[in-house]
Every structure is written in C-alpha cells, then in structure tokens.
Amino acid sequence: MTSPVVAQKGPYLVQVEAGRTYFWCACGLSRKQPFCDGSHKSTEFVPLSFVAAETKTLEMCGCKHSGTKPFCDGSHEQL
C-alpha cells in the first residue's frame, strides 16, 4: 500500500476539546474515521497526533491527501 485509502471525498466535521490529544488516521483504513483505530498496523502509515488548541469544530481531511494534514485543504476536489 503506497497511497492511503480515500476514506471520504470531503472533510469530516469534528468537535475537538482544547488540550486533548487526537490521532488522525493517515492510512484511510480506520473504521472510526477520521481517527485511528489501529488498522494501519498492516501498512507503512502511522497516525498523526495533534493537540487541539481550542474547543471548536474542525474540518478534518477525509481523503488523506491534504497538504495540511490532518486538516482539509480541498485536495479531495482533485481526486
């Protein structure tokens, strides 16, 4: 697997809490999108961790091709 699986052609709207650590799925195989459930273990991908700076709704990348991972940058429009 050299490219991630496109989990969704568009962003996931996710409510995050300030100070909490999240693990974004980079492989596209997780059943808990957009977050990691360990499905990457059979791939070369690893989840991307980030700490939410504030409590708010974020647009998290669903296509796994964003240039601003883990956030959506509209790359899904080119797939």
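Helices (H or I, at least four residues) and strands (E, at least two) are DSSP runs, numbered from the N terminus. The model is predicted: local features need pLDDT of at least 70 and side-chain atom pairs count only at pLDDT 80 or more, while totals for chains, interfaces and linings use all residues. Residues are numbered from 1 along each chain as its sequence is written, and side-chain values use heavy atoms, with hydrogens and water left out.

**View 1. The fold of the protein chain.** The protein chain has 0 helices and 4 strands, and its pattern along the sequence is β-β-β-β. Its radius of gyration, taken over C-alpha atoms, is 12 Å, close to the 12 Å from the globule rule for 79 residues, so the chain is as compact as a globular protein of that length. That rule is 2.2 Å times the number of residues to the power 0.38. The C-alpha trace spans about 35 × 30 × 20 Å along its principal axes. Of the contacts (heavy atoms within 4.5 Å) with a separation of 6 or more, 58% join residues 24 or more positions apart.

**View 2. Surface and charges.** The accessible surface of the protein chain (Shrake-Rupley method, 1.4 Å probe) is about 4,700 Å², and carbon and sulfur atoms supply 50% of that area. The 8 positive and 7 negative charges have mean positions 7 Å apart. Lys and Arg count as positive and Asp and Glu as negative, without His and the chain ends; each charge is placed at NZ of Lys, CZ of Arg, CG of Asp or CD of Glu.

View 3. A disulfide is a pair of cysteine sulfur atoms within 2.5 Å, and a search of the whole structure finds 0 of them. Cys27 is in no disulfide, and its nearest cysteine sulfur, that of Cys25, is 3.8 Å away. Cys72 is likewise in no disulfide; the nearest cysteine sulfur, that of Cys61, is 6.0 Å away.

**View 4. Two cis peptide bonds.** The bond from Gln33 to Pro34 is cis, with omega near 5°. Pro34 is in the loop between β2 (21-24) and β3 (48-51). Lys69 and Pro70 are also joined by a cis peptide bond, with omega about 10°, and Pro70 lies in the segment after β4 (56-60).

**View 5. The backbone at Lys64.** Lys64, in the segment after β4, has a positive phi near 70° although it is not glycine. Lys64 is buried (under 20% relative accessible area, with a 1.4 Å probe and protein chains only), its relative accessible area being 1%.

Key
Buried means under 20% relative accessible area, exposed over 50%, partly exposed in between (1.4 Å probe, protein chains only).
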